[in-house]
Amino acid sequence: RTSRAGGGRFGGGRGTTASRSWSGRRGGRWRRGGGTGLELQGRARRRDMHYQTWANASALGSRGDRGESTSASRSRGPDEVEAVGVASTWRAGSPYDGEIFTLALPALFSVLIDPLMSIVDTAIIGRIGVNELAGTGLAGLLWASFTVALFSFLATAVTPLVSGANVRKDADSVSRTICVGLWLALSIGTALFALKFAGARWFLENVFTSSPEVVGNAMRYLDCRIFSVHATLAQLVCIGALRGLKDTRTILWATVAANALNCVLDCLFIFGFGWGVAGAATSSAISTTLSCGLLLSALVRRGVLRPGDLVPPPSLEEGAPVLGAGIALSSKSVVTMYTVGLASQAIASLGAVSLAAHEIIKQLFFFCYIAVEPLSVAGQSLVAESLGRRQVSRARGIAIRLVQVGGDAGGPILPSPLAFR
């Protein structure tokens with residue numbers, strides 16, 4: 001239509017109103033006189049090429065990591081292209097989304113199952129009595145603080161070490177790193193086992209200032225649960241190793257099996273055998289041991305954990321990378337533990353009913369809090385893998401995308417506890 005409006009089959013004349021209108025829409029301005037049909041078509045074609053070049057450049061963040069080269073990358077500097085790509089991924093998606101969600105979705109279900117089962121435990125124990133629920137909540141806080149929270153670095157520090165060694169195809173380092181973590185879990189677990197019998201009752205009576213009934217129920221819970229302390233810490237090492245291998249599905253299936261067994265044993269021991277709080281602790285100890293066994297067997301079957309590497313015990317030099325990361329991560333955990341513990345201490349002085357209510361709200365809060373934990377899991381694995389391959393720009397792109405997804409996910413999660421009112 002433009003060529004005919006220009007006055008000839010090949011655009012020999014000047015443009016009419018139709019040609020000026022068409023040119024104005026494409027160019028963003030009115031141009032008096034329009035131009036010949038071929039001139040208008042040429043300008044439109046050049047604009048289309050410009051838009052396509054910009055679109056190719058904005059997706060260059062991932063292509064540059066694979067060593068690909070395009071005309072867009074030569075016309076733009078690497079930093080400029082990366083900035084365009086990062087800005088465009090906020091709304092249009094990211095080339096890293098597939099890898100992120102492949103790891104994060106199984107991890108999401110696995111991390112949500114644990115607090116969900118804790119809520120089920122709380123509901124079951126709550127049917128026994130208020131003192132039992134308060135005692136179990138206090139013991140559960142003490143247990144989680146001195147195992148999962150304080151020593152979670154066993155998983156977080158092992159993940160990047162295993163991931164980096166796996167990228168380098170260094171099977172010996174992968175196996176030895178896991179063995180170092182298992183030895184640390186054994187040593188820490190033995191120390192916690194001794195501390196429980198030496199000072200757990202004093203800690204409950206003097207720090208939390210609970211009533212004798214609540215302290216008695218808390219001690220009955222710890223007396224049974226303490227026998228799974230080594231399995232709890234070794235499980236953290238196995239989880240970190242599997243995350244480093246980018247295998248979160250095995251963790252999910254082991255978690256599902258363990259928590260399903262825990263729910264069944266809770267009903268059997270508490271209502272069937274009448275064991276009360278001790279029954280709840282025993283079922284948790286058995287399910288944790290089962291989960292640890294499943295994860296260890298998975299690592300051995302895959303050949304990444306060689307039982308022969310467990311001897312001799314690691315030297316201090318071998319354990320230094322894990323311990324070095326553990327100091328920083330444990331400091332963060334101590335601050336969190338102190339805050340939660342201070343709140344529990346204040347509420348414990350108000351009585352068993354208030355402490356029991358606090359336990360319910362705490363479970364709901366942590367259920368919402370850990371909903372974004374899978375993003376951390378994906379970051380630990382993918383960023384470490386990229387750095388192991390010396391792909392710094394890819395690692396930066398993944399980190400930026402994780403921050404974006406975390407910000408988007410935090411919006412609906414933030415007000416969710418109000419829905420339980």
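1. Basis. Because the model is predicted, local features need pLDDT of at least 70 and side-chain atom pairs count only at pLDDT 80 or more, while totals for chains, interfaces and linings use all residues. Residues are numbered from 1 along each chain as its sequence is written, and side-chain values use heavy atoms, with hydrogens and water left out.

2. Helix H10. Helices here are DSSP runs of H or I, at least four residues long, numbered from the N terminus. Helix H10 covers residues 158-167, and seven of its 10 residues are buried, so it is largely enclosed by the rest of the structure. Buried means under 20% relative accessible area, exposed over 50%, and partly exposed in between (1.4 Å probe, protein chains only). The buried residues are Val158, Thr159, Val162, Ser163, Gly164, Ala165 and Val167. Their cover includes helices H9 (153-156), H11 (171-206), H13 (229-244) and H18 (373-388). After H10 comes Lys169, with a positive phi near 60°.

3. Arg176. This residue lies in helix H11 and counts as buried, at 17% relative accessibility. Contact means heavy atoms within 4.5 Å. Leaving aside residues up to four places away in sequence, Arg176 touches Asp309, Leu310, Pro312, Pro313, Pro314 and Glu318. A polar atom of the Arg176 side chain lies 2.3 Å from the backbone oxygen of Asp309.

4. Cysteines. The whole structure has zero disulfides, a disulfide being a pair of cysteine sulfur atoms within 2.5 Å. For Cys263, the closest cysteine sulfur is that of Cys267, at 5.1 Å, too far for a bond. Cys263 is partly exposed at 25% relative accessibility, whereas Cys179 is buried at 0%.

Notes: Helices (H or I, at least four residues) and strands (E, at least two) are DSSP runs, numbered from the N terminus. A polar contact is a pair of N or O atoms within 3.5 Å; within protein, one must be able to donate a hydrogen and the other to accept it, and residues adjacent in sequence count only if both atoms are side-chain atoms.
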